[in-house]
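Here is a short briefing on one protein chain. It covers charge, salt bridges and overall build.

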Amino acid sequence: MPSKILIVGAGIGGLTAALALQKFGFQVQVFEQAPELKEIGAGVVVTPNAMHALNFLNVGDAICAMGSSPGETYTRHYATGEVLEVRPSGADLEEKFGAPYFQSHRADLHDELKKAVVNNDPDCVFLNHACSEVTQDGDTVTATFKNGKSYTGSVVIGCDGNASAVRSSVFGHEDVNYTGQVAFRALIPAKDVNDMLDNQDKRLYIGPGRMFLQYYIRRDEILNVIGIAREQKWQDEGWAIPAEISEFQDLYSDFHPYIRELIGKIPPGNLFKWGLRDRDPMPEWVKGRVATLGDAAHPMTPFLGQGACMAIEDGMVLGRCFEKYSDVHEALAAYESARKARGNGVQMASREQAHALQGDVKKGDKFSPGRGPIQRGLFEYNPVTVEI
Ligand SMILES: Cc1cc2nc3c(=O)[nH]c(=O)nc-3n(C[C@H](O)[C@H](O)[C@H](O)COP(=O)(O)OP(=O)(O)OC[C@H]3O[C@@H](n4cnc5c(N)ncnc54)[C@H](O)[C@@H]3O)c2cc1C
């Protein structure tokens, strides 16, 4: 039985892991580098596979109440707007997979997880704690922080995102790769654009080297827009680099006029960009008393919309493994064995899916959305019941 579980990183993955462990009666300490717990302004789609876990952890209803359930998704030709494919609505997906499909504001999802974790234990989150090193001997593991403090426990779970310090310290440093793609994101008040939209509220446009996605979040009060384009020279790090509306419009100048008009509705100061990064799959997720989880284990491109969902699945399964196996090493081995193929597989599938969504077709062929998460069977997984 682990005496103290240290979780590094209070993002979606770290908080889900904390909540799952608390649910099974474990005490956790969560260390976050930021001075406050908050998320960036962007949408995130929580698909049924992850929603099973959130329901089990008693936060699913609250997250759905704050989110948006989409109608059908229309995939369209970038220039003509011709409909290339229609995907099922949120209600149809819920019926088929037994848990809701919801579009959420990242802050709402993060907030519900945070409230639940802190409600269980008001003193378990430590802010301003940026982990710099993790060391272990046979019986204990120690996380050291840039503020000079260090904490010793029986397990460290590295949930510190794609530039994970835990991963670098324990598994060896490896840079994340810039994938040659830049993503733009913005939130637009729905009232400013509702007259431009019909009932086709979730739309995906596919064009040469670029895609554009829009969907409602927060009870349809906000339209979340994302554009991803090939850009070989991108260098900067970070998820929130301010961008110019004209830069975004120029990049999509040959798209349907609707897209350029929509981009023009982005409120000033609300457009951000980031360079997409990923890594090759990790051969090991666990070393001794240390495990990685979420983007720290499997940073992935967003072409299947599964980064946060995989982090949620990881957290749920980790909690179950500690409940089932009283020995730390057995629990971590069970976690790695249950999750590695799934996480690494989705990481690679997301890379592959970039080709379809960025219009890599032979001359004369039709653009196609390729094999999305439904065709790949990703929603059929249930982290609450999967064998461990
Ligand atoms: C705009 C956008 C849209 C997305 N849309 C979707 C989507 O629709 N569906 C989906 O499933 N996924 C989506 N993703 C991907 C998804 O958000 C990520 O995969 C997910 O956030 C990973 O969660 P995480 O907790 O592993 O890492 P993170 O969210 O990166 O959290 C890591 C946490 O660790 C902290 N931290 C970092 N380093 C340290 C350190 N050294 N010490 C202590 N703390 C540290 C960070 O401050 C942060 O709080 C999207 C991502 C973005 C940016």
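**Charges and overall build**

The chain carries 39 positive and 50 negative side chains, and the centres of the two sets lie 3 Å apart. The model is predicted. Its salt bridges number 15.

**Fold and packing**
- The chain has 10 helices and 19 strands.
- Its radius of gyration is 21 Å, close to the 21 Å that the globule rule gives for 388 residues, so the chain is as compact as a globular protein of that length.
- The C-alpha trace spans about 65 × 45 × 40 Å along its principal axes.
- Of the 388 residues, 59% are buried.
- Among contacts with a separation of 6 or more, 75% join residues 24 or more positions apart.
- The accessible surface is about 15,600 Å², and carbon and sulfur atoms account for 48% of that.

**A salt bridge within one helix**
- E112 pairs with K115, with the closest N and O atoms 3.1 Å apart.
- Both sit in helix α5 (residues 106-120), 3 residues apart, or about one helical turn.
- E112 is buried at 14% relative accessibility, whereas K115 is partly exposed at 44%.

**Salt bridges between distant parts**
- D254 and R210 form a salt bridge at 2.6 Å, N to O.
- D254 lies in the loop between α7 (245-251) and α8 (257-264), and R210 lies in strand β14 (residues 210-217), 44 residues apart.
- D254 is partly exposed at 35%; R210 is buried at 11%.
- R351 and D278 form a salt bridge, with the closest N and O atoms 2.7 Å apart.
- R351 is in helix α10 (residues 328-357) and D278 in strand β17 (residues 271-278), so this pair ties together parts 73 residues apart in sequence.
- R351 is partly exposed at 26%, but D278 is buried at 2%.

Methods: Residues numbered from 1 in each chain as written. Predicted model: local features only at pLDDT ≥ 70, side-chain atom pairs only at ≥ 80, totals over all residues. Heavy atoms only, no water. Helix = DSSP H or I, 4+ residues; strand = E, 2+ residues; numbered from the N terminus. Rg over C-alpha atoms; globule rule 2.2 N^0.38 Å. Buried < 20%, exposed > 50% of the residue type's maximum accessible area, 1.4 Å probe, protein only. Contact = heavy atoms within 4.5 Å. Areas by Shrake-Rupley, 256 points an atom, 1.4 Å probe, with all protein chains shown as cover. Lys, Arg positive; Asp, Glu negative; His and termini not counted. Charge placed at Lys NZ, Arg CZ, Asp CG, Glu CD. Salt bridge = Lys/Arg side-chain N within 4 Å of Asp/Glu carboxyl O.
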